[in-house]
Every structure is written in C-alpha cells, then in structure tokens.
Amino acid sequence: MTTDEVFANDAEAVGERRHLIALAFRMLGTIAEAEDVAQETYARWYRMDHGEREAIRIPRAWLTRVASRLCLDILASARVRRESYIGPWLPEPVPRGAFVDTAGGDPLDGVILDDSISTALLVVLESMTPAERVAFVLHDVFAVPFAEIAEIVGRSTAACRQLATSARSRVQRSPVRQVTRREHDEVVLAFAAASRSGDLHGLIATLDPEVILRSDGGGRVSSARRPVYGSDRVGRFLLGILQKRPETELLEQETNDGLGFALWDQGRIIGVVTLEVIASLTTDVRIVLNPEKLSLWN
C-alpha cells in the first residue's frame with residue numbers, strides 16, 4: 001500500500017464518525033455516551049501503527065466492530081448505573097430537523113430524521129439484554145450480517161440470529177408507532193390546549209386511564225422521583241407544574257416521536273416532553289429535564 005493509500009485509509013476512517021455516533025446512540029440512548037464511544041474507537045484506530053492500519057481493507061467494518069464491542073461493555077454495566085440513577089432514567093430526546101446540513105459534515109446529520117431513534121423505540125431497547133440490543137441494532141438497523149455480529153458478541157451465528165429474533169419480537173409486541181403521525185399530533189394539540197388553559201377535565205380526556213408519567217431530572221434538577229400513574233393524577237401533576245412556574249412556556253416542538261413540547265424558561269429550553277399515543281389517547285408522558293440530555297436543544 002502506498003503512502004497515498006495509507007492517508008486515504010485514514011481519511012475513510014475519519015469520515016465514519018457520523019456512522020459511529022448513529023450506531024452508538026441507538027445502543028446506549030445518550031449523545032454523550034455515543035460521542036465517548038466514537039472517540040475511544042478512533043483512539044484505538046490511531047494507537048495502531050501504519051502497517052496495522054493499512055492492513056485493514058474496510059475501515060468501516062473495523063470501526064463498527066470496535067464501537068459495538070465498546071457499547072456491549074457499557075451496556076453490561078448500564079443496569080448497575082441505572083439502579084444508582086436518581087429518579088427514572090429516560091433516553092435522550094433528539095430534536096427533529098437539527099443537523100440536516102450534510103455539507104457541514106456533522107456527525108448527527110441524517111440520524112435524527114430516523115424513526116429508529118424515537119424515544120418510544122429506545123425505551124423498548126432498554127428492556128433488552130445487551131447482546132439482544134447489539135444484535136438487533138446491528139442487523140435490523142444497520143444490516144450487518146450475522147456472521148460479523150457473531151464475532152462482535154462472541155456467540156455463534158445461529159445464536160445471534162436468535163438474539164435478533166427475540167429482540168424483534170419485543171419491538172413488535174410494543175405499542176411503538178401504532179398510530180399515524182397525524183393522529184398522534186392531533187392528540188398532542190388537544191393536550192397542549194387543555195394544559196395552557198388549565199382545563200383539567202379537558203386534559204384528562206386526552207389521557208388513557210392508565211397513563212404513566214415519567215420525569216428524568218437525573219438528580220440535577222427538581223423532578224418527580226417516581227412515575228405518576230393514572231389520568232387524574234397525571235393531569236393534576238402537569239397542571240400543578242405549570243401553575244407553580246407561570247414563567248415557563250410549553251411550546252410545541254417537532255421530535256422524533258412526532259409533535260412534542262419544549263419547556264422554555266428565559267430563552268432556553270429546560271425540558272423536552274414526548275408523548276406516546278395509542279387509540280387517540282396518551283398512554284405515556286416522558287419529560288426529560290436533565291441538562292446533560294438537553295445539549296442539542298440549546
């Protein structure tokens with residue numbers, strides 16, 4: 001391999017940063033962790049000497065394998081970290097329509113327009129074992145062959161195929177995307193109108209009787225430490241928040257879950273609310289207030 005070919009190999013590897021963050025975000029659920037994985041992957045690439053790097057014929061495949069193994073290790077310890085997390089843990093919401101300038105080369109362009117990173121789906125992925133999640137993301141989202149996945153997770157090809165099947169079954173049993181965007185957004189607008197007017201009965205009418213509200217403050221800001229259950233309690237909880245903080249504006253915001261809300265205070269977004277809708281009723285209200293998960297919004 002000539003010197004020019006070595007440099008071309010490095011340039012090709014550097015150009016995969018967007019792919020690595022897209023991959024790691026789906027596996028881990030936060031941008032910060034995804035960026036850490038990408039950074040460590042490149043650190044390992046450049047720790048190799050020129051001879052080792054030039055021996056790699058497909059940099060993307062090598063980088064994907066290393067990043068996936070890093071994610072697998074992180075996921076193995078994630079359950080312990082989740083148990084020590086203050087209050088409910090939610091995946092990081094990503095703004096829809098951000099980073100779409102592909103000419104700018106941003107690592108997230110194209111990622112945030114994909115329904116496969118909706119909060120609803122990421123919550124389902126959280127219920128999977130680390131191996132299931134890695135196998136599902138690699139195969140069903142990124143079309144990596146099972147033979148390559150087997151090398152990453154350290155199992156047989158047949159076992160990896162079964163992992164992906166099990167994960168796919170979980171997704172299919174979940175209520176993810178069971179309504180159209182139009183139906184979802186109509187419910188969100190009714191939810192918004194009732195919330196702004198303080199109409200408790202109108203708000204409850206948009207909620208499923210068994211609706212669940214989860215609020216993720218991560219111990220950084222004030223939030224509900226436990227889920228709130230039931231339409232009456234959720235409705236009163238939401239209106240109570242808005243009454244206590246009249247300076248906070250609840251404005252509609254496009255997200256990868258369809259229309260949602262941004263909580264604005266003094267010109268900054270301090271929270272993002274996403275709703276899950278089934279049969280024209282809101283079944284889940286997810287509020288992310290942890291500042292570490294709002295970096296892309298400000």
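1. Strand 4 and strand 5 form a hairpin with two residues between them, and Gln266 in that turn has a positive phi of about 55°. Helices (H or I, at least four residues) and strands (E, at least two) are DSSP runs numbered from the N terminus. The two strands run antiparallel, with strand 5 covering residues 268-278, and five bridges link them. Ala262 has Val272 in strand 5 as its bridge partner.

2. This is a predicted model, in which local features need pLDDT of at least 70 and side-chain atom pairs count only at pLDDT 80 or more, while totals for chains, interfaces and linings use all residues. Residues are numbered from 1 along each chain as its sequence is written, and side-chain values use heavy atoms, with hydrogens and water left out.

3. Strand 3 and strand 4 (residues 258-265) are also antiparallel, over seven bridges. A hairpin of two residues joins them. Glu249 is bridged to Trp264 in strand 4, and Glu252 stands opposite Phe261. Seven of the eight residues of strand 4 are buried, so strand 4 is largely enclosed by the rest of the structure. Buried means under 20% relative accessible area, exposed over 50%, and partly exposed in between (1.4 Å probe, protein chains only).

4. Helix 9 (residues 157-173) has 17 residues and should span 24 Å at 1.5 Å a residue; its end C-alpha atoms are 25 Å apart, which agrees. The expected span is 1.5 Å times one less than the number of residues. The buried residues of helix 9 are Cys160, Leu163, Ala164, Ala167 and Val171. Their arc around the axis is only 95°, which puts them on the same side of helix 9; the arc is that of the directions from the helix axis to the C-beta atoms. On the face turned away from the buried side are the exposed residues Ala158, Gln172 and Arg173.

5. The largest nonpolar core has 49 residues, and Met27, Val134, Leu138 and Ile149 have the most contacts inside it. Such a core is a set of buried Ala, Val, Leu, Ile, Met, Phe, Trp, Tyr and Cys residues joined through side-chain atoms within 4.5 Å. Helix 5 gives the most to this core, with eight residues.

Definitions and conventions. Pairing = 2+ DSSP bridges.
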